[in-house]
Amino acid sequence: MNVSLAICQEYTENPNKISERMAKILTVKASCSNHYLTSAPILSPSNGQASLSKAMALCSSFCHLKPIHFGAKSISCFSFKPQFSVQVKAFSSQDSSSNPKDMIPGRIGFLGLGIMGSPMAQNLIKAGCDVSVWNRTKRKCDPLISLGAKYEPSPEEVAASCDVTFAMLADPESAVDVACGKNGAASGMSPGKGYVDASTVDGATSKLISTKIKSTGALFLEAPVSGSKKPAEDGQLIFLTAGDKSLYETAAPLLDIMGKSRFYLGDVGNGAAMKLVVNMIMGSMMASFSEGLLLSEKVGLDPSVLVEVISQGAISAPMYSMKGPSMVRSLYPTAFPLKHQQKDLRLALGLAESVSQPTPIAAAANELYKVAKSCGLSDEDFSAVIEALKAKLEERS
């Protein structure tokens with residue numbers, strides 16, 4: 001019998017006893033380190049039948065009398081998502097009668113509409129946000145304008161007209177130029193506004209941008225993401241944030257529209273460091289996976305079977321199952337450009353050097369991605385690094 005039906009049956013038999021039991025069952029506590037999570041009892045035993053009625057209403061509104069499964073993850077109460085979901089989220093539970101849209105800042109800016117920025121901005125627009133956009137190549141703004149976005153001719157004008165401005169740029173140089181350059185976003189910032197930089201940059205760059213933005217009296221949050229094109233389209237990104245806590249809380253509903261989870265990591269630079277470590281591991285994994293695919297073929301095995309074997313074992317990873325089949329066919333549809341993976345490896349190696357941490361595996365992987373770039377594969381997906389290994393084999397034959 002599921003929890004909802006069991007509670008209903010017991011209530012008909014003993015209404016005075018059930019409120020205490022409900023208080024224990026429906027008080028959810030989340031204990032995830034590095035997440036800012038709050039919880040409160042849904043019931044107070046002393047409230048008796050009135051508290052029970054409220055709790056049962058909450059059960060029906062959230063769960064529709066389906067089984068309730070409690071795990072280690074916290075419960076998302078925002079209604080942006082198409083269905084109720086249990087996810088690791090860093091936000092406070094909201095009363096069921098509140099409207100999440102009331103929490104969204106009035107006007108949102110978005111700078112940079114590439115592979116990642118465009119779907120992220122689209123999700124904000126589709127969720128009903130009032131969005132202004134800018135991109136160096138204006139035609140990339142057109143699909144968003146057709147969805148209701150307003151175009152502004154410079155980052156400065158976007159920032160000046162918006163409460164919170166997001167940026168998703170390709171590299172540190174672009175991130176600094178868009179934020180701090182001529183007609184940059186900082187020129188349009190002022191007290192009460194916020195700047196959220198989702199670009200993948202090194203800690204020094206993030207701190208430079210933060211200093212410039214905060215000199216205007218505005219708030220700054222770095223928020224690089226883990227995830228590529230498809231997660232961006234599906235609103236399943238992971239945000240690695242650091243900076244002004246108040247801006248993190250203000251931007252939280254927006255991050256939840258674009259992502260499945262978010263982490264607040266403290267001071268500016270920590271988000272950038274976390275993203276570089278994640279991408280360093282990812283790049284090394286892909287290089288090793290590429291070696292395995294080619295070795296299996298070289299010794300007469302079917303690499304497609306290798307992908308299937310890996311998917312069922314302890315080393316299974318979504319990346320292998322997603323990328324493997326197309327790699328076997330020498331196809332590399334771009335979800336995360338190879339040039340960006342090599343850039344992130346380079347930045348990660350710089351981070352490691354700054355603390356005298358040896359990273360021989362990542363260093364070797366970086367060299368392989370550099371070879372792939374020299375083969376003209378910069379704009380292909382980072383899984384095209386396998387072609388660099390193929391080139392090395394051809395040199396030897």
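**View 1. Strands E4 and E5 pair in parallel, joined by 4 bridges.** This is a predicted model, in which local features need pLDDT of at least 70, side-chain atom pairs count only at pLDDT 80 or more, and totals for chains, interfaces and linings use all residues. Residues are numbered from 1 along each chain as its sequence is written, and side-chain values use heavy atoms, leaving out hydrogens and water. Strands (E, at least two residues) and helices (H or I, at least four) are DSSP runs, numbered from the N terminus. Two strands pair if DSSP finds at least two bridges between them. Phe-166 stands opposite Val-196 in E5. From E4, the chain crosses through helix H7 (residues 172–180) to E5. This β-α-β crossover is right-handed: with the strands pointing away from the viewer, the path from the first strand over the helix to the second runs clockwise.

**View 2. Strand E5 (residues 194–197) is covered on both faces.** Gly-194 and Val-196 lie on one side, Tyr-195 and Asp-197 on the other. All four are buried (under 20% relative accessible area, with exposed over 50% and partly exposed in between; 1.4 Å probe, protein chains only).

**View 3. Strand E6 (residues 219–222) pairs with E5 and with E8.** E5 and E6 run parallel, with 4 bridges. Leu-221 of E6 is the bridge partner of Val-196. E6 and E8 run antiparallel, with 2 bridges. Here Glu-222 stands opposite Ala-242 in E8.

**View 4. Helices H7 and H8 pack with their axes 10 Å apart.** Their angle is about 0°, so H7 is roughly parallel to H8 (angles under 35 degrees count as roughly parallel, over 145 as roughly antiparallel, 65 to 115 as roughly perpendicular and the rest as oblique). Axes are lines fitted to C-alpha atoms, for helices over the stretch in contact, and angles run from 0 to 180 degrees between N-to-C directions. H7 contributes Pro-172, Ala-175, Val-176, Ala-179 and Cys-180 to the contact (heavy atoms within 4.5 Å). H8 contributes Thr-205, Leu-208, Ile-209 and Lys-212.

**View 5. The largest nonpolar core has 35 residues.** Such a core is a set of buried Ala, Val, Leu, Ile, Met, Phe, Trp, Tyr and Cys residues joined through side-chain atoms within 4.5 Å. Phe-110, Met-120, Leu-124 and Phe-166 have the most contacts inside it. Elements supplying at least two residues each include helix H4 (117–126), strand E4 (164–167) and helix H10 (245–258). H10 gives the largest share, 7 residues.
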